[in-house]
Amino acid sequence: MKIITWNVNGIKTLLQYHPWNVHKTYEAILDELGADITCVQETKITRAQTDTLLACMPAYDSFFSFYRRTPPKGIHGTAIFTKRSSLVPLRAEEGIGASLLPVDVQPADRIGGYPQSSEVDLTPAEMKDLDTEGRTTVVDCGLFVLINLYCPNTTNEDRLVFKNNFNAMVDRRVRSLIKAGRQVIVVGDLNISVSPLDSAESGLRPKDSEGNLESWIAHPPRRWLHDFVGPDGPMIDITRRLHPTRKKMFTCWETKIDARPSNYGTRLDYILITPSLLPWIRDADILPSIMGSDHCPVFVDFYDSITLPDRGEVDLWSEMNPGRIRGDGGEQQPPPPPASAARFYDEFSGRQKKISNFFGKKGEAPLPPPPPPPKPTTKTTKRDEPVASDSKLAPPPPPPSTTTSTVKKSTSVKGKEKAVVPPLPPPVPVPGEQQSISSFFKPPPKPAAPLKKKKKKSSTTTSSSTSTSKPEPSASAPQASTSTLSSSLPPPTTTQDDDPQPPFDPRDFLAPSGSAPEAAAAWSTLFTPKALPKCDGHDEPSKLWTVNKPGINKGRRFYLCSRPVGPGYDKGQAKLHVNKEWRCNFFEWETNVRRPASGEPPAKKQKT
């Protein structure tokens, strides 16, 4: 059996990262991880954002803890997914204390070990406030109690107090469960580096070196975790126990500075077990090759069976599923999960009506499907409708009349076929309506020569010749009316000595063939991206970044050294500890970098 813990940094965005974007469902992602129990932190969803793909997976049971403060936000949050073929939890709860338990839950359905107010020196209101951020999900797996945590981060003094109180609640809950005879596994993102070996920056400061542990654990959260997993503590850091001297075993990297390629990070994610579970452990390690978050998963693997001195061979499946019988032909129907499983939420179990139920009449039968469209071979005898047959097509109807009376008559009679108006022909493009780009890179065309003055003599001659000529006989009335109308208009006056107006030719706007390369080069220079400036520390091309932080510079782009960050990289600190192998402190706004001319090398930043 395998347990995986992973801070996913938003479970809804997980499907956007490779290789998870090739999977269509969250169940396929869990299958790909290959764990029997998957614990995630920072789900960053509310209950309203939970859908059936997460809550009602056929092969898994889901247990969530949401952010409960007002207004509800999609932040924090933890969840546990258990594979139904491997185990079905006996009990499940939300919160490190008892404040979130339903009022009607029976004592037999409680996991137990809840801290008392006097034990943690907190008021009931303060204890309840610690469970309103969705940071704890607990399940009873028979062999052990599994606690999934997302511990608070220390951002200011108030949050430091909140974090210390939360850690005190976790400590008391675990010790109470152990006192009650239960085995415990604590997993999750604890937001603490327990030793200098778990931080990439520890070796740069003498006071935080591995040989000066007291200075490192002077911070209260570090002191608590060091005592919690120390020789006299109730828990064992199983990953560090199996890899005691391994360096750079980090699980979290800062994405804003691209710290993962150089493994410049910290170890914040843990799997802690009680000492009695050590015989069951086969392996435990981190999975840094799995992408999709700023954290990587951590796993622990169990033996399928072990031999105990007082019990002989013990099967893990039987210990995880007390009272459940596995059939000879395979898995029997799993028992129902605890009542707090997400599949039993009102919105998924059918107890809550959907909005669509309120928009239908009571007892109304569903509408029948629409009839299929008629086949073209079906004949009809209805008046004024065309008839189609297999052997002979009906002649097309006569063109509709364009008179106003006919159109009004055909559209005013109800039930009769309306007049069919033929579609308008596509508009004819006007020559020269849109000029080509090359027309902007040539001198304007020369104006046409001015027309000469018209002579009165030729105008009189033309007019008299036109008036004496007889019109040709017309074949129809419309043509005759047209001839009469044209003869009544004054004829155009032309002379043989005038220069006729030349027709419009779009090719006049085209640039000569010899200037096309120059125009192409001009456009190429205009749209060519700026050459990357070289950094000062390594004389290497820099990397372009974009400001995403809200403020006046949001959306602006800038250049940084392209090398990854690493222990001792130059971040504007004293040059005493700078390691030139990593990123230098080069910075330049994109607007300050000019575009070089064709063939000119990029200019370096001028030092001031």
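**Reading a sheet and a helix pair**

Q: Which residue in strand 18 is the bridge partner of Leu 544?

A: In strand 18, Leu 544 has Tyr 559 as its bridge partner. This is a predicted model, in which local features need pLDDT of at least 70, side-chain atom pairs count only at pLDDT 80 or more, and totals for chains, interfaces and linings use all residues. Residues are numbered from 1 along each chain as its sequence is written, and side-chain values use heavy atoms, with hydrogens and water left out.

Q: How many bridges join strand 17 to strand 18?

A: In general, strands of a sheet pair through backbone hydrogen bonds, either parallel or antiparallel. Here, four bridges join strand 17 to strand 18 (residues 557–560), and the two run antiparallel. (Pairing takes at least two DSSP bridges; strands are E runs of at least two residues, helices H or I runs of at least four, numbered from the N terminus.)

Q: Which strands stand at the edges?

A: Follow the order 17-18-19 through this open, antiparallel sheet of three strands. Strand 17 (543–546) and strand 19 (587–589) are at the edges with a single partner strand each, so one side of each has no neighbour in the sheet. From one strand to the next, the twist averages 30° (angles, 0 to 180 degrees, are between N-to-C directions of lines fitted to C-alpha atoms, for helices over the stretch in contact).

Q: At roughly what angle do helix 5 and helix 7 cross?

A: The axes of helix 5 (residues 157–179) and helix 7 (residues 220–228) cross at roughly 15° and come within 10 Å. That makes the helix 5 and helix 7 pair roughly parallel (under 35 degrees; over 145 is roughly antiparallel, 65 to 115 roughly perpendicular, the rest oblique).
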